[in-house]
Amino acid sequence: MTIIHNFLFRLRLSFHFYRKLVISSACLSLILFFFGNVIEVILLIKLIFLHKRFFEARDSLLFYKNFGISPLFLFSYCVFADFILSVVIFKLSILI
Amino acid sequence: MIFELDNVELSFNGKQILYGVYIKAETGKITGLLGSNGCGKTSLLKIFFGNLSCNNKLVRINHKGTLKKLYTIENVKFLPQTDFLPNKSLKKLFSIYRISWDEFSVSFPSFGNYQNLKLNELSGGEQRVVAIWLTIKSNAKLVLLDEPFTHLTPLYTAIIKAELLREKKNKAILLTDHLYRDIMEITDDLYFIKDGCSRTVSTDSDLADLGYIKSF
């Protein structure tokens, strides 16, 4: 139970980190969709974008390390959450 | 719990900074780390925590060695010299660390109505007090503090020292600072880093012999 509780706590904390990237990431997705890029290209560009933003924020990672969250875990979380966001925007843009 | 850091070797651009360092921190004790500027104290804390790679090191927890980064396997908190907390409200930060705001505001009455302020609305010294308090009052098993007393007023230093003495019952504490009198007053074990190696010291004359303070 404690392990699950700790894992959920780390996910919540990781979301705090990702939240700072959501708006810029969503804007980038909309611009890329607007220019008619295919989803694979968009996801690849978003991956490069996330890596760049992650590298810029590396000094702030110490806070997350204090809660046992490694940079790899945090980056994986951001990639996963961002891919979901991109796919949702992609589907919505097709419907519209 | 006993945390040991052994056989540390660190070099930057071919210059050997640390070699043959041994540090032990255990529950119920405050361990101090002294040394001149640039001797590698901060690097040592970062290596212990797992935030800095080095040529060689061995971390032991209760005499069992591990090659993993300490922060990934144990509840360890590290207070660096620089700001590291995100710019959230104090209420949110205390909730993340699961620490009572009331106890903090009793110890630091001047923070009484700051609960809803964001961290960057406080002065640099106030931000430092918050960071130190969150780190030492957390439920960590090992606390690493890099210059906790620097930039604090004497009153705040006294409060933090008293709190460290209370908290050592439940956790191992390892700290470094240049305010060596404050360090010597509260530490149970004291290490001195010189020429890349660690040695134990206990008196002012030991420090004078090592060239850290003036001889009397």
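Some ground rules before we start. Residues are numbered from 1 along each chain as its sequence is written, and chains are lettered from A and ligands numbered from 1 in the order in which they are written. Because the model is predicted, local features need pLDDT of at least 70, side-chain atom pairs count only at pLDDT 80 or more, and totals for chains, interfaces and linings use all residues.

Confidence next. The model scores ipTM 0.91 and pTM 0.90. pLDDT is the predictor's confidence in each residue, from 0 to 100. Chain B averages 93, and 100% of its residues score at least 70. Among the elements of chain B, strand β7 (residues 142–146) has the highest mean pLDDT, 97. Helix α8 (residues 204–209) of chain B has the lowest, 89. Helices here are DSSP runs of H or I with at least four residues, strands are E runs of at least two, and both are numbered from the N terminus.

Now the interface. Chain B gives nine residues to the contact and chain A gives eight. Contact means C-beta atoms, placed from the backbone, within 7 Å. On the chain B side, α2 (70–73) and β6 (76–79) each supply at least two residues. That side has six nonpolar, two polar and one charged residues. For the classes, Ala, Val, Leu, Ile, Met, Phe, Trp, Tyr, Cys and Pro count as nonpolar, Asp, Glu, Lys and Arg as charged, and the others, Gly among them, as polar.

On to chain A. Helix α2 (residues 39–56) of chain A packs against helix α4 (residues 71–95) of chain A at about 145 degrees, with axes 10 Å apart. Axes are lines fitted to C-alpha atoms, for helices over the stretch in contact, and angles run from 0 to 180 degrees between N-to-C directions. Residues of α2(A) in this contact include Leu43(A), Leu47(A) and Phe54(A). From α4(A) come, among them, Phe75(A), Phe83(A) and Phe90(A). By class, the contact has 11 nonpolar, one polar and two charged residues.

Last, the sheet in chain B. What is the strand order of the open sheet of six strands? The order is β6-β7-β8-β3-β9-β10, with mixed pairing. Two strands pair if DSSP finds at least two bridges between them. The edge strands are β6 and β10 (197–200) of chain B. The twist averages 20 degrees from one strand to the next. Strands β3 (residues 30–35) and β9 (residues 189–194) of chain B pair in the parallel sense over five bridges. There, Gly32(B) has Leu190(B) as its bridge partner.

Key:
Contact = placed C-beta atoms within 7 Å.
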